[in-house]
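Open the model in your viewer and keep the selection tool at hand. The stops below begin with a single residue and end with the whole chain.

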Amino acid sequence: MNARRSPRHARRTEGLGIIIGALMLGMLLAALDQTIVSTALPTIVSDLGGLGELSWVVTAYMLSSTVSTPLWGKLGDQYGRKRLFQAAIVIFLAGSALCGLSRNMGELIGFRALQGLGGGGLMVLAQAIVGDIVPVRERGRYQGFFGAVFAVSSVAGPLLGGLFVDHLSWHWVFYVNLPIGVLALAVVSSALPSGTERTRHTIDYLGMVFLGGAAACLVLMTTWGGTVYPWGDPVVVGLGAASVALLVLWRRAERRAREPVLPLRLFRLRAFNVASLIGFVVGFAMFGSLTYLPLFLQVVQGVSPTMSGIHLLPLMGGLLATSIASGQIITRTGRYKIFPILGTAIVTLALGLLSSIGADVSTFRLSAYLLLLGVGIGLVMQVLVIVVQNAAGFEDLGVATSGATFFRLIGGSFGVAVSGAIFTSRLGDDLVRLSRTVRVPPGLERTVQSDPTAIRTLPAETAVAFLGTYADAIAHVFLYSAPVALVAFAAAWLLPEVPLRETTKPADLGECCGAVPTARSSLDEVERGLRRLADVDMRRDYYRRLGDLAGVNLPPGAVWLVTRLGTHGPQAGVELAERAGVPVERGRPYEDLLVARGLVSRDGDGVLALTPAGERAADRLVVEAREGLGRLIQDWDPEGHPKLRELLRSLPRELLGSAADRPRNGWSPVEKADNPQNG
């Protein structure tokens, strides 16, 4: 019969679980809002009008969340993450409520930008808070939960958006955030401790403003050029000139910044430049497709919003499956270059095939094309972070990782904006040509451009003609995207393939399935890799091997107990059994053996403490564990980086002796003592 947990331990475990649940809810809300709106867009356009502005409903959220990510991360380090996380929830909820109350497309776009500002903080700070409240040994498991949340939200977002539109209204795509967000805010406010270690930063405000402004001007230029304004119009030319000027100012700001948001030296690395270009194209293809495919499905094929979400499952399922599979293969083989080559080739092929779809395309054929597109994107997604982490030096590891995600998300913003410009321009031209051959009521072309559902009110023959123009306009979105993907295919051949560092091999589910914004330091990145490697190693009879390497002639259970007492101090045997979730009787033989060997003392209350001989044995075990971790990060040159040396000094004591790793099998103390090999 297992020992019952102490009330104090039970309360601590339950409290941690409640906080983690609240953080995951915040992460879920922010991640869902990247994709949940896609299947609601046709209905939103039919209600608010503004088909030409449809792309900005997605772009505004992505731009504001992407650009604000590094700011949230550094402000959280500097001023404490609890208050910043609370502020992010409030901003996100305010944006969500205002989005649901929007009366026109302009208001919706502005409030989506506000919502994205809060969403960026939710995604970044939720992951960082885990590091504040969870012991080192258990962080990998909990952070894996967050990766799974992001992966699930990427797949489920379009489907949930369709369900809300069909059974409630498009407003509930945003209103659903309110009760969940309020619950998360209440839990975080009451249960999350405030006291965390703070780090002073010199925040690169100018770099963030200039880079974000340049990106916004470029997206506006590509959106308005040739549609709202002619390409030679002063507005379009002015936006182009403003983007160039802002990039020049950003370059100057980065040269002077002590902690630049994106150091210029990264652009001297061929691997970073090529990976950023490929990531840009992958984001371009993924988010551009997610935005305009629901329009095709709902307007041209007449399916419901929910069914349009189901039609997108092959794309998201293919992305998820191949992202995970490619990450595992790379981890085992260390080879990665073939995946972006194959992936970009498949994306180019899929976009070319999608450019041939028409109003009569079969469900099977469309699903096959979408599956192909998802497979191609998934093959590329996981590689990009690995490539930049493997190429950057330790000083730039953190910003290189966030930079790869930044370009992928900016590519998504451009993809949606450019796709919108192509669609609007082509639709306008097709409608002009159609008006010459089909008699339509005056002003219908303008009505159809603002409300696509008006097509369903037309006579059958006229409706078929109009649906053909919509199908042609959406097909041209994919037609013009295919050459962009071809550029990425050519660039993929330029990726250098070098032996992977050990800490870059483990795959992160969130990073491979989407584009989780990150704002981690270089030290955080190395520590995450070490923790994941240690997590795998400690599940493979670790304490038996550690004892043998350190020359400590003890069974695994006794080795674990020595490291537990050496890293956590004196403890009662009953409490140790409770924490490990095992009967007291199972641990008692190991206690008796250590007492008999003179390594542990036990007082009248059953409190165990290391003797001087036991402390020397614990020190040998810690040193051996440190040397093992040091071998894993040898390619980062820990001797040349004081922060890595400090990590190696502290991490073994934080990892060893975890209750989760207590050996469940192995020789009993009596069998160990009787083994002839023990001499």
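Select Cys217: at 14% relative accessibility it counts as buried, where buried means under 20% relative accessible area, exposed over 50% and partly exposed in between (1.4 Å probe, protein chains only). The structure holds zero disulfides, a disulfide being a pair of cysteine sulfur atoms within 2.5 Å.

This is a predicted model, in which local features need pLDDT of at least 70 and side-chain atom pairs count only at pLDDT 80 or more, while totals for chains, interfaces and linings use all residues. Residues are numbered from 1 along each chain as its sequence is written, and side-chain values use heavy atoms, with hydrogens and water left out.

How many salt bridges are there by this rule (a side-chain nitrogen of Lys or Arg within 4 Å of a carboxyl oxygen of Asp or Glu)? The count is four.

- Select Arg103 and Glu107: their closest N and O atoms are 2.8 Å apart in a salt bridge. Arg103 is exposed, at 66% relative accessible area.
- Select Glu624 and Arg631, a salt bridge at 4.0 Å, N to O. Glu624 is buried at 14%, whereas Arg631 is exposed at 53%.
- Select Glu646 and Arg649, a salt bridge with closest N and O atoms 2.7 Å apart. Both lie in helix α26 (residues 642–655), three residues apart, about one turn of the helix. Arg649 is partly exposed at 46%, and Glu646 is partly exposed at 39%.

Finally, select the whole protein chain: of its 679 residues, 56% are buried.

Note on methods: Helix = DSSP H or I, 4+ residues; strand = E, 2+ residues; numbered from the N terminus.
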